[in-house]
Amino acid sequence: MDNQVTERRNERDLSQGELAEAVDVTRQTINSIERERYDPSLELAFKLAAYFDCRVDDLFDPDLDGE
Amino acid sequence: MNITRNSVSIGKRTYERTVWILVGLGCLGLWSGIYLDAQLAGTITYLVAVWVAMGIAFGLPRVTETKLSDERDEAHHNRASGLMFSIAAIATISVVPALYVLDAGGYFTITSTMWGGIYVLSALALLYGLCYGIVLWRN
């Protein structure tokens with residue numbers, strides 16, 4: 001799934017490990033999300049959105065239209 | 001950002017590698033025991049290594065603040081379990097009934113080793129059914 005996690009994380013000058021600790025997952029999970037190899041659970045998506053103070057659909061684009 | 005200090009500091013990769021290396025050493029010890037005709041020593045080596053590995057696998061997450069597994073690990077586990085069961089179910093359903101019929105008709109003899117495999121697959125299917133029922137009941 002397309003996402004803006006890397007951009008948002010870089011804006012805040014955070015490492016993957018720091019973001020992982022903030023949302024209570026492993027660094028590997030953040031890395032997989034950023035590489036679009038893993039789609040987070042709804043709970044984790046909301047945690048990330050809350051952490052970056054944005055909406056879930058600002059952070060993740062499910063590309064439902066297949067565009 | 002304020003980073004909390006771990007009571008036991010260990011990374012996820014180190015944790016996973018330690019557990020698998022111990023399991024591997026246990027298996028190596030067991031096989032060595034069989035081939036060197038030292039079954040008791042092999043069994044003790046296996047049990048000690050695997051118990052220590054299980055202790056680390058289940059105990060370490062309780063004494064460290066480092067996140068050692070999360071939803072992604074669970075997703076991997078669920079996918080692998082589902083795939084394994086699908087392969088076992090397809091192989092069993094497509095082969096075992098035919099073997100029963102051929103054995104009954106005298107065209108083929110199911111050996112004791114094959115019976116062992118059939119029993120293992122049957123037990124696995126029963127265990128899966130039981131676990132599925134428990135999961136349904138709890139959700």
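Start with two helices of chain B in this predicted model: select α3 (residues 71-104) and α4 (residues 112-138). Their axes come within 11 Å and cross at roughly 125 degrees.

Now show side chains where the two helices touch. On the α3(B) side, pick F85(B), A88(B), A89(B), T92(B) and V96(B). Facing them from α4(B) are I118(B), L121(B), L124(B), A125(B) and Y128(B). Colour this contact by residue class and you get 9 nonpolar residues, 1 polar and no charged ones.

The unreviewed entry lists "transmembrane region" for residues 20-38, 44-61, 82-102 and 114-137 of chain B. Take residues 20-38 of chain B: this stretch is 84% helix and 0% strand, with its end C-alpha atoms 24 Å apart. Then jump to residues 114-137 of chain B, which are 100% helix and 0% strand, and whose end C-alpha atoms sit 34 Å apart.

Last stop: bring in chain A. The contact between the chains takes 12 residues from chain A and 7 from chain B. What classes do the residues on the chain B side fall into? The side of chain B that touches chain A has 5 charged residues, 2 nonpolar and no polar ones.

Definitions and conventions
Residues numbered from 1 in each chain as written. Chains lettered and ligands numbered in written order. Predicted model: local features only at pLDDT ≥ 70, side-chain atom pairs only at ≥ 80, totals over all residues. Axes fitted to C-alpha atoms, helices over the stretch in contact; angles between N-to-C directions. Helix = DSSP H or I, 4+ residues; strand = E, 2+ residues; numbered from the N terminus. Nonpolar A, V, L, I, M, F, W, Y, C, P; charged D, E, K, R; others polar. UniProt positions renumbered as here; feature names shortened; annotations may be inferred.
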